[in-house]
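Biologist: I want to go through the charged pairs in this model. Please set each label against its cut-off.

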Amino acid sequence: MPESRSHRGGGRTIRLAVAIIPATSTKPADEPVVFMEGGPGGDAFDSIPFLVSSGVNRDHDLIVMAQRGVRYSQPNLACPEIDRFNVRAVGLRYDAPSTGRLLVGAARECRDRLTGEGIRLSAYNTTENAADFADLRTALGIDRWNVYGYSYGTNLALTYLRLHPEGIRSVAIDSVAPPKVVNLPWTWDSFAEGIGEIFAACEAQPRCASRYPHLRRTLDEQVRRLEAHPLTLMARPPSGGSPVKVDLDGGALVNILVANTVKAVDVPAALDELAHGNPERFARARAVDVDTVIGGFAHGMTQSVACAEWAPGFSKHDVLKAGRRNFPGWPDSVLAQPPQLPFEHDLCRVWNVPDRTSIQRVPTFSRVPTLLLSGSFDAKTGASWARVAARTLPRSTSVVIPGIGHWVVPQSPCAASVLASFLARPTAPDTGCVAGLEPAPFTITPDAETE
C-alpha cells in the first residue's frame with residue numbers, strides 16, 4: 001500500500017500482513033467477513049482465536065489484516081520506550097506530574113526514532129486505514145464482503161462505510177465508538193455509564209444489594225482516600241511470578257475499573273474489601289502491566305490517531321469539566337486525566353501530527369444493513385453511544401447484552417448467535433436470545449463484621 005495517498009510524488013510504500021481463515025462449513029457463503037481490530041494499535045492476529053471460538057468463520061471465510069503501523073506490518077509503529085515506561089509505572093503515582101513527564105519523555109524518544117527512520121506519522125490515520133481495506137478487497141478480487149469491527153475497529157468500519165461503500169454487504173460493529181463523538185471528555189461519560197450499570201445491576205440482585213449497599217458512595221470514598229493517601233504494596237501479577245511494588249492511588253483505581261482488569265462480577269466485592277483494608281484484588285490488577293510484551297502493541301499508531309482525531313478541539317479544562325460533571329467531589333488530580341489516555345494533551349504536543357477532526361468527526365449516513373452490539377457494563381465505549389451511531393443508519397439493528405463489558409461477541413454466546421444470524425440475514429437478524437438475559441450473579445464474600 002502507499003504510505004500516504006495524499007502525498008504528491010508517490011512516496012514510500014508499506015506492507016500489510018493478511019491472514020485468511022477458511023469457513024468451517026462444507027457450504028460456506030459467497031461473501032467473506034473482514035475483521036477490523038481495536039486499539040488503534042492492536043494486534044489483529046492475536047484476536048483470531050477469539051473470532052474462531054465465537055464462530056465468526058463458521059459459514060464465512062474470515063479475512064484478518066494487520067492494520068498499517070501495527071505488529072506484523074511494515075513499518076511497525078511499536079514504541080518499546082512506552083512499553084518500558086508502562087512496566088515501571090505500576091510503582092508510580094498514576095496521575096502525578098512526574099509520571100506524566102516520564103510518559104511524555106518516552107513518547108518523544110519513540111517519535112524521534114520513528115521519524116528518524118523516515119516514517120510519515122501523519123499518514124497513520126483512519127482515512128488511510130480505511131483505504132487500505134478498500135484496496136484489499138480489490139486486490140483479493142472480492143465482489144462483496146461483510147465487515148466486523150470492535151472498539152476502534154468500529155470507528156474504522158464506520159469511516160470505511162462512509163468513504164468506500166462499494167462492495168459492502170453488511171457491517172457489524174461491536175463496542176461502538178462513533179467517529180462523530182470520540183474525544184477525550186467522552187471517556188468520562190463512558191466510564192460513568194459503565195460503572196453505573198454495574199452498580200445498578202448489583203442493586204437489582206437482592207444478595208448483592210444487601211451485602212454491598214451504597215456502592216457509588218464506596219467508590220467515591222475510596223477514590224478520595226487513595227488519592228490523598230496512596231497505598232504502596234507488593235503484589236503478585238495475575239500471570240504469576242514474583243511480587244512487584246505497586247502504587248494504588250485514586251487515578252489507578254479508576255483506570256483498573258475502566259480496563260475491566262478486575263472483572264465486573266468481582267467489582268462490588270473488590271470495592272468492599274478495599275474499604276475494609278484489603279486492597280489485594282486491585283493491587284494485583286495494578287501489577288498486570290509488568291507482563292507487558294515489549295514491542296507488542298503499536299503505541300505509535302495509537303498516538304498518531306488519537307492526537308489527530310480525538311484530542312484536538314477539547315482542552316484540558318473540557319476533560320476536567322466532564323469529569324466533574326460525572327463524578328462531583330472527586331479530586332481534580334484524578335479528573336484531569338481522561339481514562340485510559342493520561343497526559344494525552346502533553347503527549348500530543350510532542351507527537352505533533354496535524355489536526356484531522358474536520359475530516360474524521362463526521363457521522364456515517366448509510367442504508368447498508370448494520371448490526372450494533374454493546375455490553376451494558378462497557379466502561380470504555382458506553383452502550384448509549386451505539387444509539388448515536390444508529391441515528392444515521394436507518395437499516396440498523398441495535399442490541400445491548402446485559403452484564404457484558406468491552407468486546408461483546410467473544411464473551412456472550414447470545415451475541416455470537418446474533419452476529420451469525422445477522423451475517424446470514426442482515427435485514428432480519430434473530431435477536432430472540434437477548435430477551436431472557438440477565439447479568440451473572442455478583443461475587444459475594446463473607447461479611448467479617450457479622451460472622
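Biologist: Why is Asp189 called partly exposed?

Modeller: Its relative accessible area is 22%. Buried means under 20%, exposed means over 50%, and partly exposed lies in between, with a 1.4 Å probe and protein chains only. So 22% puts Asp189 in the partly exposed class.

Biologist: What is the basis for these values?

Modeller: This is a predicted model, where local features need pLDDT of at least 70 and side-chain atom pairs count only at pLDDT 80 or more, while totals for chains, interfaces and linings use all residues. Side-chain values use heavy atoms, without hydrogens and water, and residues are numbered from 1 along each chain as its sequence is written.

Biologist: What makes Asp189 and Arg325 a salt bridge?

Modeller: The term requires a side-chain nitrogen of Lys or Arg within 4 Å of a carboxyl oxygen of Asp or Glu. The closest N and O atoms here are 2.7 Å apart, so the pair qualifies. It links distant parts of the chain, 136 residues apart: Asp189 is in helix α6 (residues 186–204) and Arg325 is in helix α13 (residues 316–326). Helices are DSSP runs (H or I, at least four residues), numbered from the N terminus.

Biologist: Why is Arg325 called exposed?

Modeller: Its relative accessible area is 53%.

Biologist: Which accessibility class does Glu81 fall in, buried or exposed?

Modeller: Glu81 has 10% relative accessibility. That is under 20%, so Glu81 is buried. Arg113, at 30%, counts as partly exposed.

Biologist: Why is Asp132 called buried?

Modeller: Its relative accessible area is 0%. The limit is under 20%, so Asp132 is buried. The residue is found in helix α4 (residues 126–139).

Biologist: What is Asp132 in contact with, leaving aside neighbours within four places in sequence?

Modeller: Met1, Arg5, Leu16, Met65 and Arg68. Contact means heavy atoms within 4.5 Å. Asp132 is also part of a salt-bridge network with Arg5, Arg68, Glu128 and Asp135.

Biologist: How many salt bridges does a search of the whole structure find?

Modeller: The search finds 23.

Key: Helix = DSSP H or I, 4+ residues; strand = E, 2+ residues; numbered from the N terminus.
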